[in-house]
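Look over the sequence and the structure before reading on.

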Amino acid sequence: MQPRNMSMSGAVDLAAVKAAGEAKQKAEQARAEAVRSGRPTGGAPLVFDVDEAGFQQDILQRSTEVPVVIDFWAEWCEPCKQLGPLLERLAGEYAGKFVLAKIDVDANQALFQQFGVQGIPAVFAVVAGQPIPLFQGAAPEAQIRQVLDQLVQAAEQQFGIVGAPVDPAGAAPQEDAPEPVGPYDALLETANQALDNGDLDGAVQAYRNVLSDDPGNPEAKLGLAQAELLRRVSDLDPQEVRKAAADGPGDVRAQIKAADLDLVGGHVEDAFGRLVETVRRTAGEDREAARVRLLELFEVIGTDDPRVISARTALARVLF
């Protein structure tokens, strides 16, 4: 059944979804190769120095794509000389799940004061533009790993931020090497065709068939998110849904349905803003339902879209 009075134009382009999925898959392959070879990922250093001039771009903007861990240190600080190399080694081991920004407090007093650092070494994180204190002083490696694991998990579960983008050019393919063909190309083509034809049940099942054998397949994940969205709105009456949402701003289910309609109609920022506001004024299961639906809609649009990045930052503000 085709959605009534709905159009995906302006919301998502399947060809763009496929291209984004392929790019993400190549990035993951490049990162895996970097880990095996012991070299950093191309185009995206895992450890870097940051000063006040580069704070906006190197930390705040980058934190919308990957958790940024900040090591506040100074040359005269003996514990810093022990902690710094440990953090750098862990950044390499985590292979892009977080990046490490090193800030010399003597040269960057404004940043030192902005974060309210009481003493060094001090370690903070920034996720989706929001600062998070991690620990102060030297700490055992096992404890640091536990903190980093919690950070990575929170970034993924709360905001859908899964790691550093990798420049595929950093892992140059062999010259004249043919483009590898994935084992699911025919199944994905079938799923895409079903979606184009409005066979939403068939598309959902076809994408799930791929994911059952290849859970990380990016094109199948994005295609499934789109097909499920269209299926959710196919039986909705837009006027009834929008009236319910307008009459009941505290009705979480009504707001979620209205956000789905917003997205299908191409009103991406309205959909995101509606759910961010719902998260802000709710708690418990209602808040979780709105947050999870927001992450699902992020998948439909694509995690690198500027509107998704902006909404992630807004989500972080209301959660912290």
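Q255 counts as buried, because its relative accessibility is 3% (buried means under 20% relative accessible area, with a 1.4 Å probe and protein chains only). The model is predicted, so local features need pLDDT of at least 70 and side-chain atom pairs count only at pLDDT 80 or more, while totals for chains, interfaces and linings use all residues. Residues are numbered from 1 along each chain as its sequence is written, and side-chain values use heavy atoms, leaving out hydrogens and water.

Q255 sits in helix 10, residues 252-264. Its side chain joins that of R274 in a polar contact of 2.8 Å (a pair of N or O atoms within 3.5 Å, one able to donate a hydrogen and the other to accept it). Leaving aside residues up to four places away in sequence, Q255 touches A245, G248, P249, R274, L275, T278 and R281. Contact means heavy atoms within 4.5 Å.

| Helix pair | Angle | Axis distance |
|---|---|---|
| Helix 9 (residues 238-247) and helix 10 | about 130° | 8 Å |
| Helix 3 (residues 78-94) and helix 5 (residues 141-159) | about 45° | 12 Å |

The crossing of helix 9 and helix 10 is left-handed. Helix 9 contributes P238, V241, R242, A244 and A245, and helix 10 contributes A254, Q255, K257, A258, L261 and D262. These residues divide into 7 nonpolar, 1 polar and 3 charged.

The crossing of helix 3 and helix 5 is right-handed. By class, their contact has 8 nonpolar, no polar and 5 charged residues.

Definitions and conventions: Axes are lines fitted to C-alpha atoms, for helices over the stretch in contact, and angles run from 0 to 180 degrees between N-to-C directions. Helices (H or I, at least four residues) and strands (E, at least two) are DSSP runs, numbered from the N terminus. A crossing is left-handed if the near helix is turned anticlockwise from the far one by less than a right angle, and right-handed if clockwise. Ala, Val, Leu, Ile, Met, Phe, Trp, Tyr, Cys and Pro count as nonpolar, Asp, Glu, Lys and Arg as charged, and the others, Gly among them, as polar. Buried means under 20% relative accessible area, exposed over 50%, partly exposed in between (1.4 Å probe, protein chains only).
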